[in-house]
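Trainee: I am new to this structure and would like to go through it slowly, one question at a time. Could we look at it together?

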Amino acid sequence: MRNDGETTALDVNWLLCFCAWLIAFVSTLGSMFFSYVMEFAPCVLCWYQRICLFPLVLILARGLFPFDPKASKYALPLAGVGWCLAAYHSLLYAEWIPADMQPCTQGVSCTEVHIELFGFLSIPYLSLIAFTLLSTILIVLQRRTPV
Amino acid sequence: MKRTVFIAAAVALVAAFFVGSHFYKSGRAEKLGFMAEDNAETFVRPYSPTLGSEEAKVYLVKFSDPACETCAAFSPYGKQALEEFPGKIKFVLRYAPFHKGSEDVVRILEAARRQDKFWETLELLYKKQSNWTQNHRVIISRVWPLLPEVGLDVERVRADMNDPEITKIVEQDLADARALGVRRTPGFFVNGKPLEPFGARPLVELILSELRIQYPE
């Protein structure tokens, strides 16, 4: 097989984009599992994070076929805002930010403990991990694809 | 090749989602089945308000919030079932005051019970629910003027509602709701079986299927 530098670079970029899509899709299904199967009511902050997360599944999938190096340009703002929200939510949850600053006074509390996987991994942290991975991959992708 | 990988991943994830939900739900039903046998009291506490015969073999348990619209909409079903199958069904009401301020309404109900006006008060509160709730919040000041309609001594209700005995009841019901995984109201169980999926027709079917098991023709 011919070792074509350009093709390899494209493949790596495609794979990065694919990984980002995979993370976004797994997170989307996971959040739907929490709310529709396990019936946890999503709090306000969770909804804002979902606004940043759900469209990524479509945007990134669209960027894969045919591969569009601009995909990261459109996906990164969403992932960035989502990361900020997830970071804020995690700080609230970890009580680094005092509870009286929390924005949800009505309905579901943003600091309520629903589940803690392995004893510490709660839903806000899962979201933070997902958005950290997404942002990192998309930043790398953007660096690699000068537009 | 890339397309295949993409489609395979998408299909696998969606399939995992549905398989996961199936296992989660059947696991929950099974767990609740064991609880119904071993810890029947989680479903029915000695203090719980009930309707229907003591001999009934089918227990319809409703975790309810007086401020919840769907709970009000479902309230005729329990009564209908009791009327249609006299002696075979026992209706149990549990509290799940998830709405802001509805714990006070539960306290009022418990205080009304001491005046033997529990079910009348509940019916009145459901009927007039839109008067005393706004954006899923309870406006308690609008509840008081309604109470004399069923002949309640409002002063006595005010005095009784903060009784620590009532606090215990509310706390126990909330703890049981949590233990049984009730996160939305109304939460129905028929002989320990959770209503799944939620809906009026599935509820009727669940009751009928349990009647067939307990009272084979």
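Trainee: Is A:Asp11 buried, exposed or partly exposed, and why?

Mentor: Please keep in mind that this is a predicted model. A:Asp11 is found in helix α1 of chain A, which covers residues 5-37. A residue is buried with 20 or more other C-beta atoms within 10 Å of its own and exposed with 12 or fewer; because A:Asp11 has 14 C-beta neighbours inside 10 Å, A:Asp11 counts as partly exposed.

Trainee: What separation is there between the C-alpha atoms of A:Asp11 and A:Phe67?

Mentor: Along the chain, A:Asp11 and A:Phe67 are 56 residues apart. In the model, the separation of their C-alpha atoms is 9.3 Å.

Trainee: Which element gives the largest share of the largest nonpolar core?

Mentor: The largest nonpolar core has 33 residues, and A:Ala79 and A:Leu134 are among those with the most contacts inside it. Two or more residues come from each of α1, α2 (44-64), α3 (71-93) and α4 (123-144) of chain A. The largest share of this core is ten residues, and the element that gives them is α3(A).

Trainee: On the side of chain A that touches chain B, how many residues are nonpolar?

Mentor: The contact takes 15 residues from chain A and 13 residues from chain B. On the side of chain A, α1(A) gives the most, with eight residues. One residue of that side is polar and one is charged, while the number of nonpolar residues is 13.

Key
Residues numbered from 1 in each chain as written. Chains lettered and ligands numbered in written order. Predicted model: local features only at pLDDT ≥ 70, side-chain atom pairs only at ≥ 80, totals over all residues. Helix = DSSP H or I, 4+ residues; strand = E, 2+ residues; numbered from the N terminus. Core = buried A, V, L, I, M, F, W, Y, C linked by C-beta atoms within 7 Å. Contact = placed C-beta atoms within 7 Å. Nonpolar A, V, L, I, M, F, W, Y, C, P; charged D, E, K, R; others polar.
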